[in-house]
Amino acid sequence: MSVSVIIPTLNEEEWIAGAVESAFAAGAAEVIVADGGSDDRTTRRATAAGARVLLTDRMRAKQSNLGAHAATHDALIFLHADTRLAAGAATAVEDALQRANFGGFRICFIEPSRRLAFAAAAINLRTRLTRCPWGDQAQFIRRATFLEIGGYKEMPLMDDYELAIRMKGRGRTTILPMTVTTSGRRFLRKGLIRTAAHNWRTVIRYRLGADIDDLARSYRR
């Protein structure tokens with residue numbers, strides 16, 4: 001089993017090369033960047049770093065699904081552009097998918113901050129208790145399984161959460177002890193408590209049946 005890493009992007013020129021390079025350093029056999037119409041140098045820098053670039057419409061779920069269909073290897077890792085895989089992550093995913101159907105990694109943040117260290121600890125605790133890794137935790141799955149279940153639901157928000165819930169209902173989900181390193185830029189920009197509260201309010205509203213387009217507008221406001 002070999003690993004394809006899929007990175008959905010939109011105007012991520014500052015981050016994309018590092019993500020692609022980390023994926024190859026982690027042992028990925030290929031890296032696919034599915035771009036949603038960037039008007040900066042994202043696609044140019046992705047290509048220069050060795051990724052295969054696909055162009056599609058703007059929606060992370062749709063971009064990820066396109067990448068999965070184009071992938072040529074048995075295991076998929078979905079990586080955010082501002083997230084970095086650790087060395088050996090591809091082999092760890094290959095091993096994990098011999099025993100589990102779906103999974104993700106523990107998380108830590110790039111920026112040095114006590115507040116972000118606390119946020120990472122809370123996220124890792126939540127993931128350990130719920131067995132539902134979110135998108136910034138580099139979700140992974142067998143390609144055949146992903147295609148069989150129809151991939152990510154193509155909606156403007158909560159696609160990663162919805163997939164985690166759906167896969168938890170199908171069988172064993174695993175959380176690898178390795179960490180991915182991601183940017184805490186949103187926490188730093190909006191504040192730790194405010195961001196965490198907004199995230200959980202969005203999850204609760206989604207579970208209660210709120211309109212997904214309204215949720216997306218509120219989340220990105």
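**Exercise 1. Is G67 buried or exposed, and what is its relative accessible area?**

Solution. The model is predicted. Start with location: G67 sits in helix α3, residues 60-70. Its relative accessible area is 0%. Buried means under 20%, so G67 is buried. Next, list the contacts. Beyond neighbours within four places in sequence, G67 is in contact with I6, I32 and L54. Last, take a distance. The C-alpha atoms of G67 and V3 are separated by 13 Å, and the two residues are 64 residues apart along the chain.

**Exercise 2. Determine how the axes of α9 and α10 are oriented, then describe their contact.**

Solution. Helix α9 covers residues 192-207 and helix α10 covers residues 212-220. Their axes come within 10 Å and cross at roughly 175 degrees. Angles over 145 degrees count as roughly antiparallel. Therefore α9 is roughly antiparallel to α10. Now the residues: α9 contributes H198, N199, T202, R205 and Y206, which meet I212, L215, S218 and Y219 of α10. Sort this contact by class: four nonpolar, four polar and one charged residues.

**Exercise 3. Find which residues of α4 are buried and which strands they pack against.**

Solution. Helix α4 spans residues 89-96. Six of its eight residues are buried, so the helix is mostly covered. The buried residues are A89, A90, A92, V93, E94 and A96. They pack against β1 (3-9), β4 (75-78), β6 (102-109), β7 (140-142) and β8 (173-182).

**Exercise 4. Work out the surroundings of N124.**

Solution. N124 lies in helix α5, residues 114-130. Its relative accessibility is 10%, so N124 counts as buried. Leave out residues up to four places away in sequence: N124 touches R106 and I107. One pair of atoms has a distance. A polar atom of the N124 side chain lies 2.9 Å from the backbone nitrogen of I107.

**Exercise 5. Examine the salt bridges, using a cut-off of 4 Å from nitrogen to oxygen.**

Solution. The count is 11 salt bridges. Take D160 and R60: their closest N and O atoms are 3.4 Å apart. This pair links distant parts of the chain, with D160 in helix α7 (residues 159-170) and R60 in helix α3, 100 residues apart. D160 counts as buried at 12% relative accessibility, whereas R60 counts as partly exposed at 31%.

Next, D214 and R217: the N to O distance is 2.2 Å. Both lie in helix α10, three residues apart, about one turn of the helix. An α-helix has 3.6 residues a turn, so residues three or four places apart point the same way. D214 is partly exposed, at 35%.

Then D57 and K62: their side chains meet at 3.7 Å, N to O. K62 is partly exposed, at 27%. Finally, E12, D82 and R185 are linked in a salt-bridge network.

Key:
Residues are numbered from 1 along each chain as its sequence is written. This is a predicted model: local features need pLDDT of at least 70, side-chain atom pairs count only at pLDDT 80 or more; totals for chains, interfaces and linings use all residues. Side-chain values use heavy atoms; hydrogens and water are left out. Axes are lines fitted to C-alpha atoms, for helices over the stretch in contact, and angles run from 0 to 180 degrees between N-to-C directions. Helices (H or I, at least four residues) and strands (E, at least two) are DSSP runs, numbered from the N terminus. Angles under 35 degrees count as roughly parallel, over 145 as roughly antiparallel, 65 to 115 as roughly perpendicular and the rest as oblique. Contact means heavy atoms within 4.5 Å. Ala, Val, Leu, Ile, Met, Phe, Trp, Tyr, Cys and Pro count as nonpolar, Asp, Glu, Lys and Arg as charged, and the others, Gly among them, as polar. Buried means under 20% relative accessible area, exposed over 50%, partly exposed in between (1.4 Å probe, protein chains only). A polar contact is a pair of N or O atoms within 3.5 Å; within protein, one must be able to donate a hydrogen and the other to accept it, and residues adjacent in sequence count only if both atoms are side-chain atoms.
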